[in-house]
Amino acid sequence: MDSELLEQIVTNLKEINSKLDKLIVQVENRDEQISEKERIMADSLDVITLLSLPDHLRTTATTLFEIGPATADEISKITNKERAVESNYLNQLVRMNHVRKYREGRKVYFRINDSLKKK
Amino acid sequence: MTLTLAIHSSKGGTGKTSIAMNLAVAFASAGKNTCLIDLDLRGPSLHSMFEPKSHFWINDFLSGKCSIKDTLTDFKKEMNTKAHLYMSFSNPDIREIRDLVSKDRDWQASALKALMNGKRELSEKDLDVIIFDTSPGVEYESINAVAASDMVIIVHNDTNACNSCTEQLINGVYSLLDKKCGIIENMSHNNCLDIIDKKRYGVPVLSTIPCMCEIATRGKDEILVHTDPEHLFSKSIVSIKEKIEAMK
């Protein structure tokens, strides 16, 4: 009787072990997928990412795509928003790594990030 | 200012390429310098009607291998149009199409940027109209074309499949990108040119073109706007051209 019970416990433990192994593999795969997704989101402003941006950021990013490198003032004249508002949106896009910020003389320019890996 | 149109549809087989080619010839015949670009990179078709004379394809431009001007062939003389009629072709070689399938988001992001830059470059070439012939549905290349356009011309036919998808595209893509839209009801079985609905899904209907076997058969070898301007189809195309210009 004791040996039967022991056998049953061993079988159950093996089953639990196998399920745990499967779970570990699933969690590792999920983590890899998330980090890959984060890398893609951070590196490229493709059209599908553009569509998933909130309205205000999408308008700013689309305008920057349309006119090329521009100052917050130039963008605000097209979008009809305050310069300070556009500046805030552009800086949000910079933090998301979709847009690059650089200085030319006294002016601060923004452009779509092109530090993309050419394949 | 250059007007950029994306000819798009939710489903294949609606007649996008035929409308795009005829519209391009109609604009050029009316004295507008026009450029037609085949952006259906996975199923190129423009080369089946016109012979490319450039060494570069639009694929080369999108990959950063050449300037957009290097991809153009002018068909003004051949088509006897008043203004220039440039065309840029997509590479029909299966190896190129196969290669395209493996392109990732980074490539598509740089292709979108290239398309925007190319559009600016063409505007400086004194072009009046740029037409992108796209692939159907939500393919990267076609949504890139929509993003780079001022207006989307939706070629629609009255099938259940088209009906359920077009509205989603309008709400989920064109509106989000803030694009003006117009619908062409193509291959309509109402057999009349009257526009039954002035608007569909909140978008103006520019024309209803009846289903005529003649268009399918003659359209294989002819651009009807060029060879038969008095044809009902050609008249519809000219009327669409005028409506698009009025919407600018």
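# A walk through a predicted two-chain model

Hi everyone, let's start with one strand. Strand S9 of chain B, residues 203–210, has 7 of its 8 residues buried, so S9(B) is largely enclosed by the rest of the structure. Please keep in mind that this is a predicted model. For chain B the mean pLDDT is 94, and 99% of the residues in that chain reach 70 or more. The model as a whole scores ipTM 0.83 and pTM 0.85.

So what does S9(B) pair with? One partner is strand S7 of chain B, residues 180–188, which runs parallel to S9(B) over 4 bridges. If you want to find that pairing on the screen, look for B:Ile184, whose bridge partner in S9(B) is B:Ser207. Another partner is strand S8 of chain B, residues 199–200, and here the pairing is antiparallel, over 2 bridges. In this case you can look for B:Lys199, which has B:Pro204 as its bridge partner in S9(B). S8(B) and S9(B) make a hairpin with 2 residues between the strands, and B:Tyr201 in that hairpin takes a positive phi near 55°.

Let's stay in chain B and look at a helix. Helix H7(B) covers residues 160–174, which is 15 residues.

Now for the aromatic rings. Searching the whole structure over all chains turns up 3 aromatic pairs. One of them is A:Tyr102 with A:Tyr109, a stacked pair with 5.9 Å from centre to centre and 20° between the planes. Are these two tyrosines buried or exposed? A:Tyr102 has 25% relative accessibility, so A:Tyr102 counts as partly exposed. A:Tyr109 is at 16%, so A:Tyr109 counts as buried.

Another pair is B:Phe75 with B:Phe89, and this one is edge-to-face, at 6.1 Å centre to centre and 70° between the planes. This pair links distant parts of the chain, 14 residues apart: B:Phe75 sits in the loop between strand S3 and helix H3 of chain B, while B:Phe89 sits in the loop between strand S4 and helix H4 of chain B. Both of these phenylalanines are buried. Together with B:Phe50, they form one aromatic cluster.

Next, over to chain A and its helix H3, residues 55–67. Among the buried residues of H3(A) are A:Leu57, A:Arg58, A:Leu64 and A:Phe65. What covers the buried residues of H3(A)? The cover includes helices H2, H4 and H5 and strands S1 and S2 of chain A, together with helix H5 of chain B. Just after H3(A) comes A:Gly68, which takes a positive phi of about 80°.

One last residue before I stop. A:Asn91 lies in helix H5 of chain A. With a relative accessible area of 18%, A:Asn91 is under the 20% cut-off, so A:Asn91 is buried. If we leave aside the neighbours within four places in sequence, A:Asn91 is in contact with A:Lys101 and A:Phe110.

Note on methods
Residues are numbered from 1 along each chain as its sequence is written. Chains are lettered from A and ligands numbered from 1 in the order in which they are written. This is a predicted model: local features need pLDDT of at least 70, side-chain atom pairs count only at pLDDT 80 or more; totals for chains, interfaces and linings use all residues. Side-chain values use heavy atoms; hydrogens and water are left out. The expected span of a helix is 1.5 Å times one less than its number of residues. Buried means under 20% relative accessible area, exposed over 50%, partly exposed in between (1.4 Å probe, protein chains only). Two strands pair if DSSP finds at least two bridges between them. pLDDT is the predictor's confidence in each residue, from 0 to 100. Rings of Phe, Tyr and Trp (its six-membered ring) pair if their centres lie within 6.5 Å; planes under 30 degrees apart count as stacked, over 60 as edge-to-face and the rest as tilted. Contact means heavy atoms within 4.5 Å.
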